[in-house]
Every structure is written in C-alpha cells, then in structure tokens.
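Here is a short report on how parts of one protein model pack together. Look at the structure first, then read on.

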Amino acid sequence: MNNDASSAGGTGSPRPNSHPPIKSGRVGVLIANLGTPDATDFWSMRRYLKEFLSDKRVIEDNSLTWKLVFNGIILTFRPRAKGRDYASIWNRERNESQLKTITRSQSEKLAASLVGVDDRIDVAWGMRYGNPSVGSAIDELVAKGCDRLLFVPLYPQYAAATSATACDAAFRHLMTMRWQPTLRVAPPYYDDPVYIDAVATSLRDALGTLSFKPDVILASFHGIPQDYFDKGDPYYCQCAKTVRLLRAALGLDEAQFRLTFQSRFGPAEWLQPYTDKTVEALAKSGVKNLAIVTPGFSADCLETLEEIAVENGDIFKRNGGDNFAAIPCLNDSDQGMRVIREVVLRELKGWV
Ligand SMILES: C=CC1=C(C)c2cc3[nH]c(cc4nc(cc5[nH]c(cc1n2)c(C)c5CCC(=O)O)C(CCC(=O)O)=C4C)c(C)c3C=C
Ligand SMILES: [Fe+2]
Ligand SMILES: [Fe+2]
C-alpha cells in the first residue's frame, strides 16, 4: 500500500491509503528453537540462565526456597561451570553455539527448498531465550510484508517447558502490535511418518559408518520433572510413541532399543529411566558396545554434543564399556530438512 501524503491531516473520514506505508500480502515461516547464550563468559551465561530459568513454564516452583537457591547458588556457580561446557562445543569460526549455527542453516535451507513453491514465502528463525529473539524474527517477517505467519517450534514432542513457552513468546510479541499478523502454530510431529522414517534412516546410515555393532541403542530424550507429567503434560507419552514407532521401523525389540531421559536439573524426581544411570548399569552388566540417538532434539546442542557424546561416553567407558557412539541429530541434513519442509508445507495449506 502507498502513503498518499496529500490526504493526511484533513478533516472528515480518512482516505484508506492515508496511513504510513505498510507492506502486506506475504507469508512468513518462523522456525524456533530453545535458545542459547551469546557467549560463554560468566555474565553472558548468567543472563541466559536467568532468562531461561525465570520462565514459569520451565521452573514452576515459585517458593521462597527456590528463589534463594536460584539467586544464591544457581546464578552464582552455574554460569561458570556451564560456560566451560559451552566453550568445549563452541563454533569458534562463527563465535556462536552449535544450536545457533544449525538453526540458521535449517532456516536458509528451508527457504531455498521453498523457492518455486510460492514466491510470497519468507523464512526466518528465532530463539525462545537469547538471540535472535522470537520477537525480532516476527518483526523481520512483518517488515517484509508478511501478514500471515506460520510458527514452527522445532520440538517433535510437545512439552509446556519448550513448545508452549515458545508460543507464549510469539503471542506476547503480537500483543505489542497494532496490526497483528495472523498466526498459525505447527503441531508437534512425534508420530509423523516422515519424521520417524528420517530418524530411522539417519540412524541406520550412522550405524553403517561405525566400526562396531551396538549391543544396545538408547533413545535419549531431554527429561522434565515427573510432577509436570503428573499434572498432565503429554511429553512422556509422545516420547514413548516416537520410540515405539522407531522400534517398529528399525525392527528392534525393547531390550535392543530403549527409551531414557537425560539432563536432569535439580533434586526433584524427573522422568525415568535416567540416561546416565542406564548407561552405567548397562556397562556394569557387561554391555560392551553402545550407541545413543537423541530424536527429541532437532539440532545438536550442549545436551547432545557434551552431555551425551562426552559425559555419557565417559560414564560408559569408566564402567567397563568398550565402544560408544553418539548419533548426530537430524540437524540440517537432507533427512532433517525433509521433515521440516514436510511439516511446513502441510501447515501452510490454504495459504500458499
Ligand atoms: C528438547 C526438549 C527439551 C525439554 C523438554 C527441556 C526441558 C527442560 N530444560 C531445563 C533446563 C535446562 N535445559 C538446558 C539446555 C537445553 N535444553 C534443551 C531442550 C529441552 N529442554 C536444549 C536444546 C538445550 C541446549 C541449548 C544449547 O544452547 O545448546 C539448560 C542450559 C544448560 C544447563 O545449564 O544445563 C538448562 C538449565 C528444564 C528445567 C526443563 C524442564 C522443566
Ligand atoms: Fe533443557
Ligand atoms: Fe545438560
């Protein structure tokens, strides 16, 4: 639309085009992931952890005890300890975390794969915590003329602590806008045949490159507190279904392909069985060859590259295991992009 300055400021009804120029008519796709610190120094880490762990969807505990522990212990000691972990997996070439590098690449590859589908589509990426924020990504798309947005939280399994809070950030940003774009949200895709096939295929391919055959494969998902499950979060059930479908696709049984949960935070009970305890028990029971796949992460990050590949690899070997492999996430691989493109095209139906 064009601004017609000659009509501005007159009396009576404004003419329809007498407002500032606003582009419209385009369709935005916004992929979102969890977030990541801007740098690994104490203050960058503290800022990131403070934003993340102040989210009521993540830490539902509102007690005075939690506030004292959070401000007195966690924000004092965790930034340095976790900063070291992030530093060990940092992408030094781009000076950013792996999660950021991979998410940007997923966005660029998605945009390239949509060329020729409809030239009104723009793609952007955002992070729930840290930068680029979900809000800034929405602004970027709106500035390009997108008045319809498809928001795609890149979590195959829904959890309030991930998918819902990402949506909260998007909705909160829309609250600041006079002319809100119309917003659609892509649903979780934990049982989508394309996702199951992509994980199964990439796992088979990765196993084919190993010098050993795993006796056991763990499908390790990020945990949530048991209490959140008890209150009705569907996350556990969606993880369990993903694993059931993967077992069927891979022709493996429950002993060969097991569901576990990693990244426990705090003293409360989280979803079980725990990945680290399972790895230790398997090694002690004589299992010599182990692989871990992480289908709940759409991109490699601290939790896969450090906690699984390094920490759990060490646990396995310290307790008698011989061969260990951490299987890469789908990332921006052909299989990974097939999943994202499929979800996006399905959810854009009727718009493009
Ligand atoms: C994939 C799903 C995820 C769920 C579910 C999830 C729940 C959850 N996480 C925390 C606390 C932390 N998670 C941290 C890192 C982190 N978590 C996920 C994904 C899920 N979290 C990812 C992808 C990452 C890595 C980000 C990266 O930059 O690489 C961290 C930060 C690191 C640390 O200090 O350990 C915390 C803290 C809770 C409490 C929770 C459920 C309530
Ligand atoms: Fe997490
Ligand atoms: Fe972790």
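This is a predicted model: local features need pLDDT of at least 70, side-chain atom pairs count only at pLDDT 80 or more; totals for chains, interfaces and linings use all residues.

Residues are numbered from 1 along each chain as its sequence is written, while chains are lettered from A and ligands numbered from 1 in the order in which they are written.

The domain assignment (automatic or from a database) gives two domains.

| Domain | Residues |
|---|---|
| Domain 1 | 26-188 + 335-347 |
| Domain 2 | 193-326 |

Their C-alpha centres lie 24 Å apart. In domain 1, 22 residues are in contact with 22 residues of domain 2. Contact means C-beta atoms, placed from the backbone, within 7 Å. On the domain 1 side, helix 11 (334-347) gives the most, with five residues. Helices here are DSSP runs (H or I, at least four residues), numbered from the N terminus.

Now take helix 4 (residues 134-143) and helix 5 (residues 160-174). Their axes come within 9 Å and cross at roughly 50 degrees. That makes helix 4 oblique to helix 5. Oblique covers what is left after roughly parallel (under 35 degrees), roughly antiparallel (over 145) and roughly perpendicular (65 to 115). Axes are lines fitted to C-alpha atoms over the stretch in contact, and angles run from 0 to 180 degrees between N-to-C directions.

Which residues of helix 4 meet helix 5? They are Val134, Gly135 and Ile138. Their partners in helix 5 are Ala166, Ala169, Ala170 and His173.

Key. Helices (H or I, at least four residues) and strands (E, at least two) are DSSP runs, numbered from the N terminus. Two residues are in contact if their C-beta atoms, placed from the backbone, lie within 7 Å.
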